[in-house]
Amino acid sequence: MKFATRLIHGSHTIDPATGALSLPVCQTSTFAQQSVDHFGRYDYARSGNPTREALEEAIADLEGGSAAFAFGSGMAAISSTLLLFKPGDHLVVCEDVYGGAFRVLTKLFSQWGLSVTFVDATSLTAIEAAVKPETKAVYLESPSNPLLKITDLKGAAAIARKHELLTLVDSTFMTPYLQRPLELGCDIVLHSGTKFLNGHSDVVCGFAVVNNEQLAARLGFVQNAFGAILGPQDCWLTLRGLRTLKVRLEESQRSAVKIAAWLARQPQVTRVYYPGLASHPGYAVHQAQAAGPGAVLSFELESYELTKKLLEGIHLAAFAVSLGGVESILSYPAKMSHAAMPPAERAARGISDTLVRLSVGLEDTDDMIADLARLLQSG
Ligand SMILES: *Cc1c(COP(=O)(O)O)cnc(C)c1O
């Protein structure tokens, strides 16, 4: 079955007990047992809950994986996955990694003895050069945040395999509709489901997805032992949001392509970062590994005054942290997603004070362009 059909009919769409088209929320912490010798399928809801299982099966299926694990946030998914490693292990990480992942690696996992080398992951040579005897994994984002840099995921996974390393990919910006890293040879796909997967700016959640029984067992152990699970109500909301992933992302992406092209023609915009523009340095690599450029783009403005005016004056996008909602969201990486990064690190990564990131929602494209034009041309 094709992706759109699997979104609707992929998992547990009809409640077997009642025929309800909407799976009931199994709001329970524990499950009564019948026999001292054999416990039932569910015993305690940290270890397993039918609503969470339905969501996990849906996400695993869409990513082309054998198992998915739902967590209370994208950061909980990332942090829980990092618990697969041990003190003394080393990771090679893309330098423009999500700010929260940068923070947990450099402030918490560093204390715990996990070391990291940040590299420009647009270069496979740079990735390979950073591998040390104690390296256990390569951690990537493609497109990255907020500069939408592209990593050749198949190439990176091949290097990792050669050195017996795992490849982890935070695929939040793409979702499995546009890119499936497991099919490109990567081992663990991470998501902030808070963004496009749920898509309605009303749930914080995260996922780790694998296609390997041994990794699934290890991640399942961490999920239960560490306990950063997603609650049943949020699982249900995410299952509901997920059903429309294709139509939402198609429409937002169609609009983003138009807006990116328009922004690139504006004299007040000095640079547009979007893998859908042929001028993007990663355009060809992205086209080869993904089905579309997505609905997030960043751009640089000519002055700080105009940047401030745009962020504070926009009507049709929320000036907010986050992305991937039905409403457009304009954010300011320097003070939002990358505030956790010291200013010098930020500058070194090209995240300037005139850079803004736009997550394109489902508003009419012409209305959005008119709103942007009103502010840009006022400057
Ligand atoms: C938002 C985000 C995260 C963190 O997810 P939360 O759900 O906010 O914890 C991780 N990676 C990327 C790329 C993100 O955009």
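**Pocket close-ups**

**View 1. Strand E8 at the second largest pocket.** Strand E8 (residues 269-273) supplies three residues to the lining of the second largest pocket, the highest contribution of any element. The model shown is predicted. Lining this pocket are 18 residues in total, and those nearest its centre are Leu148, Arg271, His280, Pro281 and Gly282.

**View 2. Domain setting and make-up of the second largest pocket.** The second largest pocket lies between domain 1 (3-242) and domain 2 (245-376), because both domains give residues to its lining. The space inside the second largest pocket comes to about 280 Å³. Sorted by class, its lining has ten nonpolar, five polar and three charged residues.

**View 3. Centre of the largest pocket.** The largest pocket holds about 330 Å³ of space. Its lining is made up of 21 residues. Nearest the centre of the largest pocket lie Gly74, Met75, Tyr98, Ser192 and Lys195. Two or more lining residues come from each of helix H3 (74-82) and strand E6 (188-192). Of the elements, H3 gives the most to this lining, with three residues.

**View 4. Classes and domains around the largest pocket.** The lining of the largest pocket comprises nine polar, eight nonpolar and four charged residues. Domain 1 (3-242) and domain 2 (245-376) each provide at least three residues to the lining of the largest pocket.

Technical notes: Residues are numbered from 1 along each chain as its sequence is written. This is a predicted model: local features need pLDDT of at least 70, side-chain atom pairs count only at pLDDT 80 or more; totals for chains, interfaces and linings use all residues. Side-chain values use heavy atoms; hydrogens and water are left out. On a 1 Å grid over the protein atoms alone, a cavity is a set of points where a 1.4 Å probe fits but cannot get out, and a pocket is an open set with protein on both sides within 12 Å along at least five of seven lines; lining residues have an atom within 4 Å of a point. Grid points are joined across faces, edges and corners, and a volume is the space filled by probe spheres set on the points. Helices (H or I, at least four residues) and strands (E, at least two) are DSSP runs, numbered from the N terminus. Ala, Val, Leu, Ile, Met, Phe, Trp, Tyr, Cys and Pro count as nonpolar, Asp, Glu, Lys and Arg as charged, and the others, Gly among them, as polar. Domain bounds come from an automatic or database domain assignment.
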